Amino acid sequence: NVIHDRNPQYVVESDGSIRNGYAVKLLNMIPEPRVITVSIEGMPGATMKIAGHESADGRTFSIPAEPDKVTALRVFVTLPKERLEEAADGFQLVAEDLQGHERDVYSAHFNIPGAR
């Protein structure tokens, strides 16, 4: 499940880049722990941060998911000011269990000032 933040819809960073926030819930409905890979596709200039998690590339994160539980995440996607034209097509937020061959894709909008 993915919900785009409504208030604020975006944040303008001090360097002019734009950040959007998303609430993401990963549902592990099997009785064993899994590692879910969360990544973004599209908007090649964008980077992602997940509160409490680290990533080497800023576009892919490995998230441990407890058995029979929901893992709630705060996801922040940032687009540099010189790449704002990429926001028009949005991006895809992908959750994937590489061992179980499961994949779910959410097509997300990226809000910027002045866009409709």
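## Exposure and the model

A residue counts as buried under 20% relative accessible area, as exposed over 50%, and as partly exposed in between. E41 has 32% relative accessibility, so E41 counts as partly exposed. The model is predicted.

## Salt bridges

The structure holds 7 salt bridges. One of them joins the side chains of R34 and E102, at 2.8 Å from N to O. This pair links distant parts of the chain. R34 sits in strand β4, while E102 sits in strand β9 (residues 102–108), 68 residues apart. The two partners can be set side by side. R34 is buried, with a relative accessible area of 11%. E102 is partly exposed, at 43% relative accessibility.

R103 and E41 form another salt bridge, and their closest N and O atoms are 3.1 Å apart. R103 is in strand β9 and E41 in strand β4, so the bridge ties together parts that are 62 residues apart in sequence. R103 is partly exposed, with a relative accessible area of 45%. The side chain of R103 also meets that of E96 in a salt bridge, at 3.4 Å from N to O. Salt bridges with shared partners join R34, D97 and E102 into one network.

## The nonpolar core

The largest nonpolar core has 25 residues. Those that touch the most other members are Y22, V38, M48, V77, F91 and F110. Strands β3, β4, β5, β6, β7 and β8 each supply at least two residues of this core. In soluble globular proteins, nonpolar side chains tend to be buried together.

V77 shows who meets whom here. Neighbours within four places in sequence aside, V77 is in contact with I18, R19, N20, Y22, I40, M43, A46, T47, M48, F91 and F110.

## One aromatic pair

A search of the whole structure finds 1 aromatic pair. Its members are Y22 and F91. The pair is edge-to-face, with 5.7 Å centre to centre and 85° between the planes. It links distant parts of the chain: Y22 lies in strand β3 (residues 18–28) and F91 in strand β8 (residues 91–97), 69 residues apart.

Y22 has a relative accessible area of 1% and is buried. F91 is buried at 1% relative accessibility.

T37 is found in strand β4. T37 counts as buried, at 13% relative accessibility. Not counting residues up to four places away in sequence, T37 touches T60, F61, S62, V94, A95, E96 and L98. One of these, E96, is the salt-bridge partner of R103.

T71 is found in strand β7. Its relative accessibility is 16%, and T71 counts as buried. T71 touches V24, K25, L26, I63, P64, A65 and E66, again leaving out residues up to four places away in sequence.

## Loops and backbone geometry

The loop between β1 (2–4) and β2 (11–12) holds Q9. P8 is in the loop between β1 and β2 as well. The peptide bond from N7 to P8 is cis, with omega near 0°. Q9 is partly exposed, with a relative accessible area of 44%. Apart from its neighbours within four places in sequence, Q9 is in contact with H4, N20 and N111. Q9 and K25 are 16 residues apart in sequence and 19 Å apart in space, C-alpha to C-alpha.

Positive phi values turn up in two other loops. M43 lies between β4 (34–41) and β5 (47–50). Its phi is near 40°, a positive value in a residue other than glycine. M43 is buried, with a relative accessible area of 3%. M43 is also among the contacts of V77. D68 lies in the loop between β6 (60–65) and β7 (69–79). D68 has a positive phi of about 55°, although it is not a glycine.

## A nonpolar surface patch

Which residues form a nonpolar patch on the surface? L27, M29 and V70 do, with about 310 Å² of accessible area together. M29 lies in the loop between β3 and β4. At 61% relative accessibility, M29 counts as exposed.

Key:
Residues numbered from 1 in each chain as written. Predicted model: local features only at pLDDT ≥ 70, side-chain atom pairs only at ≥ 80, totals over all residues. Heavy atoms only, no water. Helix = DSSP H or I, 4+ residues; strand = E, 2+ residues; numbered from the N terminus. Buried < 20%, exposed > 50% of the residue type's maximum accessible area, 1.4 Å probe, protein only. Contact = heavy atoms within 4.5 Å. Phe/Tyr/Trp six-rings, centres within 6.5 Å; stacked < 30°, edge-to-face > 60°. Core = buried A, V, L, I, M, F, W, Y, C linked by side-chain atoms within 4.5 Å. Patch = residues over 30% accessible without salt bridge, like charges linked within 9 Å, V, L, I, M, F, W, Y side chains within 5 Å. Areas by Shrake-Rupley, 256 points an atom, 1.4 Å probe, with all protein chains shown as cover. Salt bridge = Lys/Arg side-chain N within 4 Å of Asp/Glu carboxyl O.
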